[in-house]
Amino acid sequence: MTLLPADPEILQRDFPVSHALLTHGELMTRALIRHFGAVHAVQTAIDVADDRVTRRSTLYQTATGAALLRAVLVINRPALPEGLVERLLDGKRLFGALLMEAGIAVRMEGRTIYRQDAPSGSPGGVWGCRLHMLEAGGGG
């Protein structure tokens with residue numbers, strides 16, 4: 001699969017919901033709830049290293065069961081309060097919901113929007129973004 005630079009005009013014109021979800025400056029959890037109502041995560045893979053956790057999940061609209069997006073979180077454990085990562089890994093909670101409950105404000109930096117080709121034989125492709133989520137007011 002190849003990552004391609006995204007054309008923001010095509011994204012906004014042809015995929016307005018995707019555009020809204022990929023270009024906002026807030027937690028994805030808030031944007032998803034605004035567009036789809038209640039949302040939950042189903043963890044599909046986890047890799048726990050010394051100071052880093054990588055969690056792969058699929059997010060679903062709770063009312064319909066429709067898959068909304070695939071997410072990959074790479075989390076720096078020492079940057080979070082004790083127990084927060086464990087609560088994330090124990091259930092269907094979205095990372096943003098846990099941050100909001102803990103009162104942790106964040107800022108987004110380095111957003112890159114891309115389009116990924118579908119695997120051979122599959123129609124279409126997917127849009128995505130990569131960004132760094134940092135504690136608001138913190139230096140990094």
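Reader: Before we start, what does contact mean here?

Author: Happy to set that out, and please keep in mind that this is a predicted model. Contact means heavy atoms within 4.5 Å.

Reader: Thanks! Among contacts between residues at least 6 apart in sequence, what share joins residues at least 24 apart?

Author: Let's start with the layout: the protein has 5 helices and 6 strands. Along the sequence they follow the order β-α-α-α-β-β-β-α-α-β-β. Of the contacts between residues at least 6 apart in sequence, the share joining residues at least 24 apart is 44%.

Reader: How are H2 and H3 oriented to each other?

Author: Helix H2 covers residues 16-23 and helix H3 residues 28-36, and their axes come within 9 Å. These axes cross at roughly 155°, and angles over 145 degrees count as roughly antiparallel. Therefore the orientation of H2 and H3 is roughly antiparallel.

Reader: And how many residues of the contact of H2 with H3 are nonpolar?

Author: On the H2 side are Val 17, Ala 20 and Leu 21, which meet Met 28, Ala 31, Leu 32, His 35 and Phe 36 of H3. The residues of this contact include no charged ones and 1 polar, and the nonpolar ones number 7.

Terms used. Residues numbered from 1 in each chain as written. Predicted model: local features only at pLDDT ≥ 70, side-chain atom pairs only at ≥ 80, totals over all residues. Heavy atoms only, no water. Helix = DSSP H or I, 4+ residues; strand = E, 2+ residues; numbered from the N terminus. Axes fitted to C-alpha atoms, helices over the stretch in contact; angles between N-to-C directions. Parallel < 35°, antiparallel > 145°, perpendicular 65-115°, else oblique. Nonpolar A, V, L, I, M, F, W, Y, C, P; charged D, E, K, R; others polar.
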